[in-house]
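Please open the model in your viewer and keep the selection panel at hand. The tour below goes from one selection to the next and says what is found at each stop.

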Amino acid sequence: MLLFRSEDDIVAWCERRHITPGAVFALAQLWRLATAWYDDRLDPAWRRRTAPQRQAILDAVGLTGSFWRLTDS
Amino acid sequence: MNTDPVDLTQGRLISDSEIRLWVYQHFVDTGRAPSPVEIAAHFQLAPADIEQRLRRLQEEADALVLLPGSSYIWMAEPFSAVPTSFHVRSGARHWWGNCIWDALAILALIGTDGSVSTACPHSGQPLLLSVTGGRLADAQGIVHFAVPARDWWRDIGFT
C-alpha cells in the first residue's frame, strides 16, 4: 500500500515490476479507512474483528467490488 | 479456544490482553517495540513465558507479527518496529508505519496532529501529508493497493 505522485507513476512502477495494477484511490478515502479500521487498537478489550465486521468497514468507506472482498464467498 | 490465558504472578493475574495493550502503549509513547526482556521485566514474568505469550498473541489472537524465527515484535499494526518508507511525526515523537494506510492510522488512533513523510516509489519525489484537527489537511499523491483484500494477510510483509 504505497503513495505515488501520480497515476502515471503507478502505471510505470507496475510495468517495471511486472505487477498487475491493483486499486487506485484518493488519500481522503484512505484517511477515512485508516480512521475506522484501527479505532479499536487501544481498547483493553480488543479482539480482532471478524471478516464481516472488517468487510462492513470497507463498504462504509466506499471500497466495494471484487478487489475489496475479504473472502471468496 | 481460550486465547486469553492467565498466570498467577505476584498475587495478580496477567492476561495476554494486558500485555498486548502495554506493547501498543509502548509504541505510542516511545515509537518503538519493547523487547521480550523489557516486557518480562515490566510484568515480572519469566522471559520464556513472555516469548510464549507473544507467539500466542501472533498465532491465536492475530494481534502482533513477530520477526520470522524470533520472539521480537515486527509489527503491532499499524506500528512497525523497524524503519520503513513511512515516517510519522507529531511534535517530538515519531513512529514508523508499515504502509501509507498504517502511517495515517497511527495519527488517527493516537488522535494527534502530525505528518507523514514518504516518497513516490517510482519518481522518488518526496511526499508529505499533514493531519490537523482530526482532518487530512495536506494531501499530496494518490494511493495504490497492489494486493486484493482477500490476500492481504497471505504475506503481510509484502502487503
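Begin with the contact between the two chains, which takes 34 residues from chain B and 38 residues from chain A, two residues being in contact if their C-beta atoms, placed from the backbone, lie within 7 Å. This is a predicted model, in which local features need pLDDT of at least 70 and side-chain atom pairs count only at pLDDT 80 or more, while totals for chains, interfaces and linings use all residues. Residues are numbered from 1 along each chain as its sequence is written, and chains are lettered from A in the order in which they are written.

Next, select on chain B the elements that give two or more residues to the side touching chain A, namely helix H1 (16-30), helix H4 (100-110), strand E9 (126-132) and strand E11 (142-145); helices (H or I, at least four residues) and strands (E, at least two) are DSSP runs, numbered from the N terminus. H4(B) contributes the largest share of this side, six residues.

Now show strand E1 (residues 2-4) of chain A together with E11(B): three bridges join these strands, which run antiparallel, and two strands pair if DSSP finds at least two bridges between them. Within this pairing, Leu3(A) has Val143(B) as its bridge partner in E11(B).

Finally, colour chain B by its domains, domain 1 (6-76) and domain 2 (82-138), whose bounds come from an automatic or database domain assignment. Their C-alpha centres lie 26 Å apart, and the contact between them takes five residues from domain 1 of chain B and six residues from domain 2 of chain B. On the domain 1 side, H1 and strand E4 (73-76) of chain B are the elements that give two or more residues.
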